[in-house]
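Subject: Handover of a structure

Dear colleague,

Please find below the structure that I am handing over to you. My notes on it follow.

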Amino acid sequence: MLWSRYFIPTSKETPADAVVPSHQLMLRAGMLRQIAAGAYAYLPIGFRVLQKVKNIVREEMNRAGAIELHMPAMQPLDLWKETGRDEAMGETLIHLPDKSFRRGTVLGPTHEEVVTEIVRAYVNSYKQLPVTLYQIQTKFRDEERPKSGVLRTREFLMKDAYSFNPTLESLNESYERMYQAYCRIYERCGLPYVAVEADSGAIGGDASHEFMVVTNAGEDWLVRAKDGSYAANVERAVMAPLEKTASQEQSTLAEVHTPGKATIDEVSALLKCSPADMIKTIIYEADGSPVVALVRGDHEVNEAKLRKHLDAVSLELASPETIQKLTGANVGFAGPVGLNDVRIIADQAVSTMQNAVTGANKTDYHYTGVNSGRDFNITESTDLRYAVEGDRALNGSPFVFEKCIEVGHVFKLGTKYSDAMKATFLNENGKSIPIIMGCYGIGVNRIMAAVIESSHDENGIRWPASIAPFTVHIVALDTRDDTVMSTAMKIHNELEASGLDVLLDDRDSRPGFKFKDADLIGIPYRITVGKRGLAEGIVEFKLRSSDDVQKVAPDQVVSLLQDHLAQS
RNA sequence: CGGGGCGUGGCGCAGCCUGGUUAGCGCGCUUGACUGGGGGUCAAGAGGUCGGAGGUUCGAAUCCUCUCGCCCCGACCA
């Protein structure tokens, strides 16, 4: 490919709207153009990268036994009503105007409903199972706030796979196979990833892993044990109970006047104590009944953990009226002392607290000197909170917190969708039972952006050869010199003939300009052809990832490159 | 959805507060000359409904009202 005849609109300046490196570099390298908030055009070299990522994903899916199909982006709302997800997705679901359609139509944010509809139509025997179907498709989600370039958009490419299994053992096999395929995909894309336990959330599955890439541009947090023995989404991270501190002399329980001081910060400031000396009392309504959660003042209740502990379907903060009725006080003055006839769950850390401060269940009053066992009893104690700095893994290794982005997610769905949509089959005993499902997603655009986030320098992108828009970049200097151009063209043709993607910069520009562009678009192998080198019978070979320049005879270039590619 | 900011040639910005000739500057682009190993120099050019609508005024990029779009922080996020 000749640069002069191709379309790579590079730019020296960084657009003001771009904040994260991947966004800035994609714009500058001429890969990407924003068309609307959260909707991007992929320009030729950006598109080439996407295609390479898609091909890797496709190869690994096929290798893992998944079968490709293609489902519509336009879907009938009725299908979403069957599972109730029209409500659950809320505003994220993009509805088309009703006019020209008989039924309401939405743009698919994901395809569980559609794929389940297909399978229930054709699968009715255990003999047809298991089967895993996948597609690589454009998804639409009306995100409230698209951001960070291609990392969070309203329209994006996703590989989504769905396994349909007759038994749990079979589901586990499919899940494991997908998990392994994901690892291979990220490895082939040159992406340093971490597989973490994830919260399976409202989707209702019982196991789930996320594939994370550590980067400052991320919007999720992952927690890792320093010794590498544990990694989890912060939503999910399980930590060791805090150790008991040396016991202090118990002070007496005292009621103090704290007028208008309802928050942890206000009360701790007034009473000159640390938030860690306070017991935070949060009142929820779980499936309609009030429940009280206790955590240390500097900790936050993890509602997912609480929900799981309670085995509740709905969980929300109680209304001020409920709180008033339960505690007899305004919001901000609740505490466990004297609180009866309600289920109280304490975080483990609360058990280690001594002479604590907490609400007195009386408006404008708190207690000091509160001790569990004496002033109130902890009947239920569990891990209820989010991990914070200083927490440790169950084996005692300290936690490290890192920002990250999610590039993939695998779920064991169970029968949530097959139950709701009546996707059943007859098992060997002639009994009709719901198909057990798993679902497996990969964000294709995110892989591209994540690779750039984790592989760039001040001059530009550093693509791994596997997904680079071109594999080799020939820079012809002195383009008006016939020997230079004929040599460059010859190398170009030989490399193309050997099956490589080659870009030849044949523009009549100054050398520095072309080198800067070469570094910016980040093709892994660079061949420089110039008058000087040719005078001594050589061209130069350089890796994007290194400053070393190797002199090589023009007719040795193909074999040298093949050696390099064979090693990588 | 709360808070903040920004819309002026392809990109980055100034001008606005305090209204007044042909709306500037840098990058990029075109043409020519010189130049040629890390984003060159000089010269001459092209390119703008100042996001849109309405209003105030003799006169609006500038003041007022409405509106659309975009970015950032937060909340939310199978």
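In what order do the five strands of the open sheet with S28 and S27 lie? The order is S28-S27-S29-S30-S31, and the pairing is mixed. Helices (H or I, at least four residues) and strands (E, at least two) are DSSP runs, numbered from the N terminus. Two strands pair if DSSP finds at least two bridges between them.

Please note that this is a predicted model, in which local features need pLDDT of at least 70 and side-chain atom pairs count only at pLDDT 80 or more, while totals for chains, interfaces and linings use all residues. Residues are numbered from 1 along each chain as its sequence is written, and chains are lettered from A and ligands numbered from 1 in the order in which they are written.

Chain A as a whole

Chain A contains 16 helices and 31 strands. Its C-alpha atoms fill a box of roughly 95 × 65 × 50 Å along the principal axes. Of the 568 residues in chain A, 42% are buried; a residue is buried if 20 or more other C-beta atoms, placed from the backbone, lie within 10 Å of its own.

The sheet from S28 to S31

At the edges of this sheet are strand S28 (502-505) and strand S31 (549-552), each of which pairs on one side only. Strand S27 (residues 472-476) is parallel to strand S29 (residues 525-529), with five bridges between them. Within this pair, Val472 stands opposite Tyr525 in S29. Helix H14 (residues 511-521) lies across S27, S28 and S29 and runs at about 170 degrees to S27; such angles run from 0 to 180 degrees between N-to-C directions, with axes fitted to C-alpha atoms, for helices over the stretch in contact. Two residues are in contact if their C-beta atoms, placed from the backbone, lie within 7 Å.

A second sheet

Another open sheet of five strands has the order S16-S14-S15-S17-S20, again with mixed pairing. Its edge strands are S16 (315-317) and S20 (380-382). Strand S14 (residues 279-286) and S16 run antiparallel and are joined by three bridges, and Glu285 stands opposite Glu316 in S16. Helix H9 (residues 320-327) packs on this sheet, where H9 touches S14 and S15.

A covered helix

Helix H12 (residues 444-454) is mostly covered, with 10 of its 11 residues buried. Among them are Val444, Ile447 and Glu453.

Yours sincerely,
A colleague

Definitions and conventions: Buried ≥ 20, exposed ≤ 12 C-beta atoms within 10 Å, placed from the backbone.
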